[in-house]
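Hello,

Here is the structure I promised to hand over. My notes follow below it.

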Amino acid sequence: MSIQIHLVGPLGTSITVEVQEEREIFPALRKYGKSGWSSGDLPAGGVSLPLGMADIFDWNLIGARPYTNADGEQAVMYRGQSYKRRELDEVDTKKIKLPKIVKYSRGARPTDLPHLKEGEEGGVQYVTLISFRGGGKVLDAYVDPAKVAQSAG
């Protein structure tokens, strides 16, 4: 039995890749992701992972490419859209308590699906690609081995 992975390329081209075993899925996603191929759709609110993965996440898994923009800010390019890194400090007051969050988001556009838009209607709205928050366990399958080696050394 083979497993099919449906991918969309940077130019909108669709392909199907077959792998024979489940353990071959992540290597295939990494291989095609390096060229900008991605699978699946962005969930409302973006993907959410533990804060400990913010600097070691493997962007190839989703077909995103990290870069530094003209203002020196970290960002990723995903499906032709640029998502800027934003770091939200921990908030701990009597009224509200929020953990530190690292998120990659961009301003919403009129063409974005309504369920993807966050923020106030009529005010500033944005679309989040991915956020890293909380102390959850680092998911080894989603980690970029080169980044782990770099941070260890």
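Of the contacts in the protein between residues at least 6 apart in sequence, 54% join residues at least 24 apart. A contact here means heavy atoms within 4.5 Å.

Provenance: this is a predicted model, where local features need pLDDT of at least 70, side-chain atom pairs count only at pLDDT 80 or more, and totals for chains, interfaces and linings use all residues. Numbering starts from 1 along each chain as its sequence is written, and side-chain values use heavy atoms, with hydrogens and water left out.

Fold: the protein has 2 helices and 11 strands. Both kinds are DSSP runs numbered from the N terminus (helices H or I, at least four residues; strands E, at least two). The order from the N terminus is β-β-α-β-β-β-β-β-β-β-β-β-α. The C-alpha atoms fill a box of roughly 55 × 40 × 35 Å along the principal axes.

Burial: 32% of the 153 residues are buried. Buried is under 20% relative accessible area, exposed over 50%, partly exposed in between (1.4 Å probe, protein chains only).

Strand β9 (residues 101-107) is mostly covered, with 6 of its 7 residues buried. What does β9 pair with? Strand β6 (residues 81-88) pairs with β9 in the antiparallel sense over 5 bridges. Strand β11 (residues 125-133) also pairs with β9 in the antiparallel sense, over 7 bridges. Pairing requires at least two DSSP bridges between the strands. Val102 in β9 is the bridge partner of Glu87. Lys103 stands opposite Ser131 in β11.

Best regards
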